[in-house]
Amino acid sequence: MDVLRHLLLLVHLAGMAALLGGFVLTLLAGERKMVGAITHGAEFQVVSGLLLWWVDHLDDRHPPAAKILVKLVIALVVTGLAHANKRRPAVPMPLFLGTFTLAASNVAIAYGWS
């Protein structure tokens, strides 16, 4: 089960890198689009996060339920916003930065909440 958990953690971290990197690189390019790296990274985060939670429960590891729920809600909001705006030629700056802030806050919650 540890091998599966480590593989899922790797996928989860890759999704996070794609998601946040997509925001930063898009912004540095002078655009405000929800590119594939953002939408797919958000999807990977949700799916791999749920699978990590499931594997933790199989191994009798129980992360705080409130933490998992907060992270899931944020991840679903980020995924929804990314998909709802992926066809727009330019996303308004407050929406773009707000979505990025939500995604980055999920990283801070993962790291800071025991």
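Lys-67, Lys-71, Ile-74, Ala-75, Val-78, Thr-79 and Ala-82 are the buried residues of H3, where buried means under 20% relative accessible area, exposed over 50% and partly exposed in between, with a 1.4 Å probe and protein chains only. They cover an arc of only 135° around the axis, which puts them on the same side of H3; the arc is that of the directions from the helix axis to the C-beta atoms. The face of H3 turned away from this buried side carries Ala-65, Leu-69 and Ala-84, which are exposed. An α-helix has 3.6 residues a turn, so residues three or four places apart point the same way. The cover over the buried residues of H3 includes H1, H2 and H4, with contact meaning heavy atoms within 4.5 Å. Helices here are DSSP runs (H or I, at least four residues), numbered from the N terminus.

The model is predicted: local features need pLDDT of at least 70, side-chain atom pairs count only at pLDDT 80 or more, and totals for chains, interfaces and linings use all residues. Residues are numbered from 1 along each chain as its sequence is written, and side-chain values use heavy atoms, with hydrogens and water left out.

H3 has 20 residues and reaches 28 Å from its first C-alpha to its last, close to the 28 Å expected at 1.5 Å a residue. The expected span is 1.5 Å times one less than the number of residues in the helix. Helix H4 (residues 93–112) has 20 residues that should span 28 Å at 1.5 Å a residue, and its end C-alpha atoms are 28 Å apart, which agrees. The buried residues of H4 are Phe-96, Thr-99, Ala-103, Asn-106 and Ile-109. Seen down the axis of H4, these fall within an arc of 155°, so they line one face of the helix. Pro-94, Tyr-111 and Gly-112 are exposed on the other side of H4. What covers the buried residues of H4 includes helix H1 (2–28), helix H2 (36–58) and helix H3 (65–84).

H2 has 23 residues, and its first and last C-alpha atoms are 33 Å apart, close to the 33 Å expected at 1.5 Å a residue. Its buried residues include Ile-38, Gly-41, Gln-45, Leu-52, Val-55 and Asp-56. The buried residues of H2 pack against H1, H3 and H4. Asp-56 lies in H2 and is buried, with a relative accessible area of 10%. Leaving aside neighbours within four places in sequence, Asp-56 is in contact with Arg-5, Arg-61 and Pro-63.

After H2 comes Asp-60, found in the loop between H2 and H3. Phi of Asp-60 is near 60°, a positive value in a residue other than glycine. Most residues other than glycine have a negative phi. At 62% relative accessibility, Asp-60 counts as exposed.

Which residues touch the most other members of the largest nonpolar core? Of its 13 residues, they are Leu-19, Phe-23, Met-34, Ile-38, Val-78, Phe-96 and Ala-103. A nonpolar core is a set of buried Ala, Val, Leu, Ile, Met, Phe, Trp, Tyr and Cys residues joined through side-chain atoms within 4.5 Å. H1, H2, H3 and H4 each supply at least two residues of this core. Phe-23, leaving aside its neighbours within four places in sequence, is in contact with Met-34, Ile-38, Phe-96, Thr-99, Phe-100 and Ala-103.

The largest pocket holds about 700 Å³ of space. Of the 30 residues that line this pocket, His-12, Gly-49, Leu-52, Lys-71 and Ala-110 are the closest to its centre. A pocket is an open set of points on a 1 Å grid over the protein atoms alone, where a 1.4 Å probe fits, with protein on both sides within 12 Å along at least five of seven lines; lining residues have an atom within 4 Å of a point. Grid points are joined across faces, edges and corners, and the volume is the space filled by probe spheres set on the points. H1, H2, H3 and H4 each supply at least two residues of the lining, and the largest share, eight residues, comes from H2.

Leu-52 lies in H2 and is buried, with a relative accessible area of 10%. The C-alpha atoms of Leu-52 and Lys-71, 19 residues apart along the chain, are separated by 13 Å. Leaving aside neighbours within four places in sequence, Leu-52 is in contact with Arg-5, Leu-8, Leu-9 and His-12.
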